[in-house]
Structures are given as structure tokens and as C-alpha cells.
Amino acid sequence: MDCLFCSIINGTIPSTKVYEDDNCYAFRDINPQAPVHCLVVPKTHIESLDSVTDENSATVAKVLVAIPKIAKLLGLSDGYRVISNVGENGCQSVHHLHFHILGGEKLAERMC
């Protein structure tokens, strides 16, 4: 499988790591859309939220539990936004489930 995020997780492609545990890896986005923009990915390859099943939902839950910890590490005490794009119309550019953590300023209420 030729997956960009799998390559980042296994260290083949360098990244700026923010957090790592047994279930997920978080790193800074190379094209930030906010002063703080971090991606959180499960270490298990799951294509998108559409691919979450009963069998892999525990992994996804552990990723979600890690997100507030990561936000705290990033200094996002005044709030943040979490986004997961799904499919072509959702602008998912890498087909490995990931969550964007955006913050560091008052974010626009409108999403696009």
C-alpha cells in the first residue's frame, strides 16, 4: 500500500511530531490553515470515517480520546476545531483517516 500517512507513521517520510502513542500519531500540517494546525492519524490504516466499523471503532475511539491531550500540548486552552474530511466532495486528499486540529486564533464561523 502506498499511503502518505502510513509512510509518515513508519518514519519513511519525515514529519514534525507533536504526539505519539500506541494508537495514533500527530504531526504539524505542512500547509497550515490556522496558526496551529496539526493532523492526528490512527496508526492502523483506515481509509476515512466511512470506513469505521465495529471491528476498528475502538481504535478510532482511542484517537478521539487523544485529541484533547494533543490540543492541550499545543497550547489550545481557548478552544479549537476538529475536522475530518471524507471523500472527494469532502476534500479528502489523503485516504487515511485523519483529524485536523485547528486553533491558535478565533476561527471563522463559516467553514468555507
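Lys17 touches Tyr25, Ala26 and Phe27, leaving out residues up to four places away in sequence; contact here means heavy atoms within 4.5 Å. Lys17 sits in strand β1, where strands (E, at least two residues) and helices (H or I, at least four) are DSSP runs numbered from the N terminus. This is a predicted model, where local features need pLDDT of at least 70 and side-chain atom pairs count only at pLDDT 80 or more, while totals for chains, interfaces and linings use all residues. Residues are numbered from 1 along each chain as its sequence is written, and side-chain values use heavy atoms, with hydrogens and water left out.

- The side chain of Lys17 makes a polar contact with the side chain of Glu20, at 3.1 Å. A polar contact is a pair of N or O atoms within 3.5 Å; within protein, one must be able to donate a hydrogen and the other to accept it, and residues adjacent in sequence count only if both atoms are side-chain atoms.
- Lys17 and Asp54 are 37 residues apart in sequence, and their C-alpha atoms are 29 Å apart in space.
- A hairpin takes β1 into β2 through three residues.
- β1 and β2 pair in the antiparallel sense over three bridges; for two strands to pair, DSSP has to find at least two bridges between them.
- Tyr19 has Ala26 of β2 as its bridge partner, and Glu20 has Tyr25 of β2.

**The sheet and the helix across it**

- Five strands make an open sheet with antiparallel pairing, in the order β1-β2-β3-β5-β4.
- Which strands stand at the edges? They are β1 (17-20) and β4 (80-83), each with a single partner strand, so one side of each is left without a neighbour in the sheet.
- From one strand to the next, the twist averages 20 degrees. Axes are lines fitted to C-alpha atoms, for helices over the stretch in contact, and angles run from 0 to 180 degrees between N-to-C directions.
- Helix α2 lies across β1, β2, β3, β4 and β5, and runs at about 20 degrees to β5.

**Aromatic residues**

- There are two aromatic pairs in the structure. Rings of Phe, Tyr and Trp (its six-membered ring) pair if their centres lie within 6.5 Å; planes under 30 degrees apart count as stacked, over 60 as edge-to-face and the rest as tilted.
- Phe5 and Phe27 pair edge-to-face, at 5.6 Å centre to centre with 70 degrees between the planes.
- Phe5 lies in helix α1 (residues 4-9) and Phe27 in strand β2, so this pair ties together parts that are 22 residues apart in sequence.
- Phe5 and Phe27 are buried, that is, under 20% relative accessible area, with exposed being over 50% and partly exposed in between (1.4 Å probe, protein chains only).
- The ring centres of Tyr25 and Phe27 are 5.8 Å apart and the planes are at 35 degrees, so that pair is tilted.
- Tyr25 is buried along with Phe27, and Phe5, Tyr25 and Phe27 make up one aromatic cluster.

**Nonpolar cores**

- The largest nonpolar core has 18 residues, of which Cys38, Val40, Ile70, Leu74, Phe99 and Ile101 touch the most other members. Such a core is a set of buried Ala, Val, Leu, Ile, Met, Phe, Trp, Tyr and Cys residues joined through side-chain atoms within 4.5 Å.
- β2, β3, α2 (57-73) and β5 (99-103) each supply at least two residues of this core, and α2 gives the most, with six.
- Leu74 is in contact with Val18, Arg28, Val36, Cys38 and Ile101, once neighbours within four places in sequence are set aside.
- A second, separate core has nine residues, including Ile8, Phe27, Val41 and Val94.

**Two loop residues**

- Pro35 is in the loop between β2 (24-28) and β3 (36-42).
- Is Pro35 buried or exposed? Pro35 counts as exposed because its relative accessibility is 53%.
- Beyond four places in sequence, Pro35 touches Gly103, Gly104 and Glu105.
- Ser84 is in the loop between β4 and β5, and a polar atom of its side chain lies 3.1 Å from the backbone oxygen of His98.
- Not counting residues up to four places away in sequence, Ser84 touches Leu49, Leu97, His98 and Phe99.
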